[in-house]
Amino acid sequence: MHTTSRIPGFYKLAPDQRFQTIVKASGLQAEQLDALREPDPDMAAIADRMIENAVGTIAIPLGIAANFLVNGVDYLVPMATEEPSVIAAASNAALIARELGGFHASSMAPVMIAQVQILDVADPQGARLRLLEAREELLALANAQDPLLVRLGGGARDIQVRLVDAGPAQYVVLHLQVDVRDAMGANAVNTMAEALAPRIAEIARGRSLLRILSNKADLRLVRVRAVYDAGKLGGADVVDGIVDAYRFAAADSYRAATHNKGIMNGISAVVLATGNDTRAIEAGAHCHACQNGRYTSLSHFEKDADGNLVATLELPLALGLVGGATKTHPTAQAAVKLLGVQSAVQLAEVTAAVGLAQNTAALRALATEGIQRGHMSLHARNVAVAAGAQVHEIAPLVERLVADGHVRQDRAQEILAALRRGE
Ligand SMILES: CC(C)(COP(=O)([O-])OP(=O)([O-])OC[C@H]1O[C@@H](n2cnc3c(N)ncnc32)[C@H](O)[C@@H]1OP(=O)([O-])[O-])[C@@H](O)C(=O)NCCC(=O)NCCSC(=O)C[C@@](C)(O)CC(=O)[O-]
Ligand SMILES: NC(=O)C1=CN([C@@H]2O[C@H](COP(=O)(O)OP(=O)(O)OC[C@H]3O[C@@H](n4cnc5c(N)ncnc54)[C@H](OP(=O)(O)O)[C@@H]3O)[C@@H](O)[C@H]2O)C=CC1
């Protein structure tokens, strides 16, 4: 029972002091909460610099996907995920894709959009044209905010003006398009948008309200394709099954949500491992999955003239190599080093390949034996631990659980009891 959650100045305490404070406030014993505390003082200090009110860290497993060949280059891909079978699945499909050349990826320039919302404009059509006439002035003002970005070859590239009908109101919305080079770009474009807003409001003869990037990063699309050999996939029936699985997702939003979750299993894991913003990527991806007002599959599967499976994926990936946690988290830095990517665009292309591989492996399992054999046999280790197995009991219990075919906690407890009886 918490006595109170009102703790003035909680944020001013050191992580360990915060931990002692919440132990007292929660009425629990310190040992019960000990896992919240970060034992390594250096890591506690990093966490304290990264977020507010830090007490500790949560360790999500980080694994390395094998077999990835993207644009002719081999990559060992770091993936951070709590879900079993994700890394196995990605490696599995990447292995099959290698047979016919691996993944081929291409991208648009890393252009992000910042929106400036203008209210109370008497003549929205006139304002739109006045703003477009001021394009050069606005771009120069934006670029003056980030000379380093401009020196690196990036900077504000263009403007667009939209009139957004919102019930009783109509807003004039200026989109500032900025090439953010190797940054995710949120801070960079937000700074520009805030600097520009007063002048935009003046030109439009209205008042500005929101000045923030859009996570619908549709000027920053990444495209990836792979051809999977029909024989290596398991034959023509498997190819047909995967195509039918895809068509289901393309036609039905209930299925598309799960299909796209499979893609994001791979993408979010690379995003997290490299210290990037998982929410920004998820928001952009699911928004892109809405085409003509309908939520659909992000990927496409078809059969080529030779009967092989052609898999393609297109989505926005606003990933950075500078800024955010990418430069402050030591694990993220090591992950980027292992990947060996030289630019944010290259990181996005490898990440998209992992999403496509993940998706293909899941569809192949779903269209053949079902997801449970591969997934549940790997998940069995979690089930064994949850059933109370000690370290030395996990391997024999997992073996019997998988052989039994019912990877459930009640069954695990029965088998564990039998093992302990020496049966
Ligand atoms: C699990 C596998 C890979 C087994 O697949 P398998 O056919 O038994 O694998 P294999 O023994 O033939 O091995 C082939 C390769 O897969 C990799 N591999 C194979 N096993 C491992 C392992 N233990 N650990 C690491 N890597 C592994 C490894 O690269 C290996 O090559 P090798 O190294 O032997 O030369 C397969 O059944 C599979 O791909 N299943 C799909 C699993 C999946 O998608 N999991 C995600 C969670 S489910 C979900 O959230 C999404 C979903 C499914 O709902 C999405 C949707 O509905 O669309
Ligand atoms: N809606 C959203 O998604 C939002 C996300 N965020 C957060 O914003 C953060 C990302 O913002 P971001 O702008 O990427 O981060 P930063 O502002 O930290 O980094 C970008 C800056 O780094 C400098 N820089 C140095 N080298 C390069 C290079 N090679 N390419 C590009 N820029 C370079 C640039 O200039 P200079 O040094 O002069 O700045 C640039 O402006 C994330 O933490 C994200 O979570 C924040 C708000 C909203």
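## Stop 1: ligand 2

The residues of the shell around ligand 2 divide into eleven nonpolar, eight polar and four charged. Here Ala, Val, Leu, Ile, Met, Phe, Trp, Tyr, Cys and Pro count as nonpolar, Asp, Glu, Lys and Arg as charged, and the others, Gly among them, as polar.

This is a predicted model, in which local features need pLDDT of at least 70, side-chain atom pairs count only at pLDDT 80 or more, and totals for chains, interfaces and linings use all residues. Residues are numbered from 1 along each chain as its sequence is written, while chains are lettered from A and ligands numbered from 1 in the order in which they are written.

Select ligand 2 and the 23 residues around it; Ala183, Ala186, Asn187, Gly323 and Gly324 come nearest. A residue is near a molecule or strand if its C-beta atom, placed from the backbone, lies within 6 Å of it. Helices (H or I, at least four residues) and strands (E, at least two) are DSSP runs, numbered from the N terminus.

Now colour domain 2 (63-107 + 223-368) and domain 3 (111-213): both give residues to the shell around ligand 2, so ligand 2 lies between them. The domain bounds come from an automatic or database domain assignment.

## Stop 2: ligand 1

Move to ligand 1, which 25 residues surround; the closest are Ala89, Asn92, Gly262, Ala362 and Gly374. By class, this shell has 13 nonpolar, ten polar and two charged residues. At least two residues each are supplied by β1 (62-70), α4 (86-98), α11 (253-273), α14 (344-367) and α15 (372-386). The largest share, seven residues, belongs to α4.

Which domains lie on either side of ligand 1? Domain 2 (63-107 + 223-368) and domain 4 (373-420) both give residues to its shell, so ligand 1 lies between them.

## Stop 3

A residue is buried if 20 or more other C-beta atoms lie within 10 Å of its own, with C-beta atoms placed from the backbone.

Select Ala90: leaving out residues up to four places away in sequence, it touches Ala65, Met79, Gly266, Val354, Ala357, Gln358 and Ala361. Two residues are in contact if their C-beta atoms, placed from the backbone, lie within 7 Å.

## Stop 4: strand β4

Finally, select residues 111-119, strand β4: eight of its nine residues are buried, so it is largely enclosed by the rest of the structure. Strand β6 (residues 169-179) runs antiparallel to β4 and is joined to it by eight bridges; two strands pair if DSSP finds at least two bridges between them. Opposite alanine 114 stands leucine 176 in β6. Strand β7 (residues 207-213) is also antiparallel to β4, with five bridges, and its serine 208 is the bridge partner of isoleucine 118.

How values were computed: Buried ≥ 20, exposed ≤ 12 C-beta atoms within 10 Å, placed from the backbone.
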